[in-house]
Amino acid sequence: MKANIRTIDRSLRIVIGLVLIALSLTGVIGLWGWIGLVPLATGIFRFCPIYTLLGIKTCKRY
């Protein structure tokens with residue numbers, strides 16, 4: 001797996017994932033907040049399978 005997510009994209013994914021999970025834990029948005037695990041995982045691993053399928057790379061180094 002080569003990284004295909006840039007630093008800004010990565011940071012936004014991690015923040016959005018954590019916010020969704022926190023909102024779910026506090027009961028604000030219910031179980032749908034656990035979908036935040038997806039952007040959190042893609043941000044941590046710097047790899048998005050959908051970007052690979054579409055041929056998108058926001059990471060210039062790799």
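Begin with helices α1 and α2, whose crossing is left-handed (the near helix is turned anticlockwise from the far one by less than a right angle). This is a predicted model, in which local features need pLDDT of at least 70, side-chain atom pairs count only at pLDDT 80 or more, and totals for chains, interfaces and linings use all residues. Residues are numbered from 1 along each chain as its sequence is written, and side-chain values use heavy atoms, without hydrogens and water.

Select residues 7-25 for α1 and 37-45 for α2: their axes come within 7 Å and cross at roughly 150°. Helices are DSSP runs of H or I, at least four residues, numbered from the N terminus; axes are lines fitted to C-alpha atoms over the stretch in contact, with angles from 0 to 180 degrees between N-to-C directions. The two helices are therefore roughly antiparallel, a term for angles over 145 degrees.

Next, display the side of α1 that meets α2, including Arg-10, Ile-14, Leu-18 and Ile-21, and on α2 the partners, among them Leu-37, Pro-39, Leu-40 and Ile-44. Contact means heavy atoms within 4.5 Å.

Then select Arg-13, which forms a salt bridge with Asp-9, the closest N and O atoms being 3.1 Å apart. The criterion is a side-chain nitrogen of Lys or Arg within 4 Å of a carboxyl oxygen of Asp or Glu. Both residues lie in α1, four residues apart, about one turn of the helix. The structure holds one salt bridge.

Finally, colour residues 12-32 and 38-56, where UniProt (unreviewed entry) places the feature "transmembrane region". The end C-alpha atoms of residues 12-32 lie 19 Å apart, and the span is 67% helix. For residues 38-56 the corresponding values are 18 Å and 74% helix.

Definitions and conventions
Parallel < 35°, antiparallel > 145°, perpendicular 65-115°, else oblique. UniProt positions renumbered as here; feature names shortened; annotations may be inferred.
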